[in-house]
2 protein chains.
Amino acid sequence: MPSSADVARLAGVSRKTVSRVFNDEPYVSAEVRRRVMDAADALGYRLNQTARALASGRTRTVGVVTLGTPGYGPATLLVSIERAVRDTGYALHVVSTMDGDPAGIASAVTSLLEQGVDGIVISEPVDEGKVSIRVDVPVLFLGAPPAFAAVRTLTTSTGSELLARAATDHLLDLGHATVHHVAGPRRWYAARDRIEGWRAALEERRRIVPPVVAGDWSAASGYAAGRELARDDDVTAVFAAGDEMAIGVIRALLEAGRRVPEDVSVVGLDDMPVAAYVTPPLTTVRQPFDAAAREGLKLLVHAIENPGADLPKAAALPVELVVRASTAPPPSRTPGLAQGEVSCPTA
Amino acid sequence: MPSSADVARLAGVSRKTVSRVFNDEPYVSAEVRRRVMDAADALGYRLNQTARALASGRTRTVGVVTLGTPGYGPATLLVSIERAVRDTGYALHVVSTMDGDPAGIASAVTSLLEQGVDGIVISEPVDEGKVSIRVDVPVLFLGAPPAFAAVRTLTTSTGSELLARAATDHLLDLGHATVHHVAGPRRWYAARDRIEGWRAALEERRRIVPPVVAGDWSAASGYAAGRELARDDDVTAVFAAGDEMAIGVIRALLEAGRRVPEDVSVVGLDDMPVAAYVTPPLTTVRQPFDAAAREGLKLLVHAIENPGADLPKAAALPVELVVRASTAPPPSRTPGLAQGEVSCPTA
DNA sequence: ATGAAAGCGCTAACAA
DNA sequence: TTGTTAGCGCTTTCAT
């Protein structure tokens with residue numbers, strides 16, 4: 001592999017001049033610049049970012065620690081982050097933790113620090129436990145409060161609590177007496193935030209707050225929750241904390257002979273691409289992954305490049321309720337009509 | 001930041017000894033090892049991988065170039081790759097290309113090479129065009145033939161062609177005269193491979209090969225395709241190249257008054273998590289993302305660590321057809337029965 | 001506008 | 001079992 005010294009020799013200049021050219025520094029004559037470029041092309045020279053990083057102390061890289069789990073949310077967020085990072089001109093290091101616990105995050109962060117990343121994104125961490133490492137680069141917590149001490153910590157989120165409120169309010173506005181909630185695992189911030197939003201919406205209107213039905217984000221867990229909910233004739237409205245769970249809930253309801261939305265309304269949260277095409281099309285609240293990632297990265301890069309400046313607050317993201325066909329006013333309680341209806345083909 | 005020299009001084013040993021300890025090299029007495037570790041802890045020392053890479057010429061990092069698009073397939077594959085990389089002990093650099101064209105791939109690869117990655121994974125590239133760069137590290141092409149010259153190229157895939165055959169055969173086995181296909185964009189290898197598999201299955205049984213209906217992997221495009229297909233009463237079986245499209249197809253069919261699977265059978269490809277819970281539950285072929293990623297990375301790491309050795313062939317992955325409720329034998333063509341049926345509530 | 005010298009923090013090759 | 005001596009390829013600082 002040719003080095004800058006080889007290029008310098010061929011171009012008849014010093015190594016520093018080659019460095020200037022490749023860093024777009026001023027004070028290089030157009031003629032020399034051209035000569036250097038030609039020499040580089042001729043040799044097939046490529047900048048060695050490793051050496052550059054060692055010498056300059058900066059890698060122009062940001063690291064993200066993400067959940068190694070599948071599932072629509074985390075996967076989509078990762079893709080959004082990756083795009084947002086690319087747009088900032090930084091390179092991206094990814095390390096996953098099996099389940100987002102403090103120990104896993106600590107080792108992930110340590111490994112990123114060893115790689116010399118200039119900034120870190122912690123995407124949707126799970127547990128609460130504080131991590132006891134000191135970090136000397138800015139850290140962005142996406143969807144959670146800071147979990148450890150860093151020179152400068154930033155936070156953004158897709159706004160789980162507000163999204164949950166919007167979903168619950170929609171159901172209440174439709175006339176439902178209360179709303180049941182199928183939640184994600186309590187270990188997740190996202191799950192807890194949504195529970196908070198749902199509860200707040202109910203309490204604000206002084207509605208009874210039914211017990212939370214626990215899921216794990218999967219459609220299968222939504223299905224299980226739906227079977228449980230289907231046993232209770234008083235259930236007319238369900239807010240599932242994720243679209244996948246909502247789809248499972250609907251399936252269980254239909255199989256139990258409850259019509260959606262005539263008997264029970266269901267709203268999800270995510271607005272995953274298929275939500276508009278399932279039967280019935282799912283009413284849901286869109287999760288602004290792209291906007292959150294872009295916004296978060298803007299803050300992070302700002303913090304990286306302006307040490308000293310104070311940290312701007314994250315802008316609030318829009319809440320977008322998408323009303324489709326899985327929600328409707330509650331059934332008028334006319335006895336005798338609830339039985340023996342023709343229902344959608346199931347099983 | 002403390003350096004290995006600081007640790008060495010505090011522990012009363014040479015820098016090389018510190019290096020030995022942190023690389024688990026032999027020939028270090030237990031006592032010295034402990035002293036070094038203590039000193040490192042006391043100082044909060046962390047290995048500087050950048051310096052290590054510069055000195056050793058290896059980064060222990062693999063780079064992956066991926067599509068910056070959302071969509072179940074690419075996103076899930078990225079997560080699988082990321083997990084597989086982690087399991088090998090390598091770090092991961094990710095760079096996305098907006099649309100997988102040769103130019104984008106070339107610049108992505110160049111940037112990875114500058115970062116000094118030890119190996120590269122090209123995940124689901126799109127176009128055919130050859131890329132004209134020489135690469136001096138092993139490259140794994142996931143789901144496509146090699147697109148450029150590299151010291152050593154490897155390939156694996158989830159087996160699109162076989163998966164498509166399995167889907168088509170299932171429908172044919174059910175008694176359908178032929179199978180219509182809703183394909184992904186022709187630019188994608190995955191789309192072309194599936195078309196091939198579908199066509200081969202039909203030709204093998206000497207069935208007529210209907211024109212391909214083009215989609216773009218999205219549920220929306222599947223919906224559009226479904227509307228088109230619904231106009232043709234002869235259509236009794238549809239194979240969609242992706243689950244999202246299949247869900248769109250089903251939706252369009254139901255809205256047009258065609259029952260699924262009584263009038264038309266639909267099979268997808270992916271087996272995304274919600275497939276089992278949509279209405280009707282979707283028959284599909286599972287895409288072995290995890291296995292493909294793991295298998296591919298095993299090969300790549302082998303190539304990285306055994307330059308010289310010849311490249312093992314990738315093992316064939318299992319084909320798993322998941323039969324659910326969206327497929328059934330074709331309707332017996334009894335005139336007069338196809339009309340006026342009660343259909344599932346829609347829109 | 002250009003160059004010389006001195007490292008960045010580590011490992012490689014050899015010596016002791 | 002441990003230490004010494006040279007770099008890895010670049011950027012920095014300071015001259016010129």
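**Figure 1. Strand 2 of chain A pairs with strand 2 of chain B.** In this predicted model, the two strands run antiparallel and are joined by three bridges. Strand 2 covers residues 91-97 of chain B, and V94(A) stands opposite L92(B). Strands here (E, at least two residues) and helices (H or I, at least four residues) are DSSP runs, numbered from the N terminus. Two strands count as paired if DSSP finds at least two bridges between them.

A note for all views: residues are numbered from 1 along each chain as its sequence is written, and chains are lettered from A and ligands numbered from 1 in the order in which they are written. Because the model is predicted, local features need pLDDT of at least 70 and side-chain atom pairs count only at pLDDT 80 or more, while totals for chains, interfaces and linings use all residues; side-chain values use heavy atoms, with hydrogens and water left out.

**Figure 2. Chain A meets chain B.** Let's look at the whole contact (heavy atoms within 4.5 Å): chain A brings 54 residues to it and chain B brings 54 residues. About 4700 Å² is buried between the chains, 62% of it on carbon and sulfur atoms. Buried area is the accessible area (1.4 Å probe) that two parts lose on being put together, summed over both. Look for R46(A), E114(A) and Y277(A), which supply 15% of the area that chain A buries against chain B, more than any other three residues.

**Figure 3. Polar contacts cross the interface of chain A and chain B.** Here 12 residue pairs are in polar contact, both residues at pLDDT 80 or more. Such a contact is a pair of N or O atoms within 3.5 Å; within protein, one must be able to donate a hydrogen and the other to accept it, and residues adjacent in sequence count only if both atoms are side-chain atoms.

**Figure 4. Domain 1 and domain 2 of chain A touch.** Domain 1 (61-156 + 290-317) and domain 2 (160-282) have bounds that come from an automatic or database domain assignment. Their centres, taken over C-alpha atoms, are 29 Å apart. The contact takes 13 residues from domain 1 and 10 residues from domain 2. Between them the domains bury about 1000 Å², 56% of it on carbon and sulfur atoms. One residue pair is in polar contact here, both at pLDDT 80 or more, and the count of salt bridges is zero.

**Figure 5. Six strands of chain B form an open sheet.** Follow the strands in the order 7-6-8-9-10-11, with mixed pairing. At the edges lie strand 7 (213-214) and strand 11 (320-322), each pairing on one side only. Strand 6 (residues 180-183) and strand 8 (residues 237-240) run parallel, joined by three bridges. Within this pair, H180(B) stands opposite V238(B).

Figure 6. Most residues other than glycine have a negative phi, and most peptide bonds are trans.

Note on methods. Salt bridge = Lys/Arg side-chain N within 4 Å of Asp/Glu carboxyl O.
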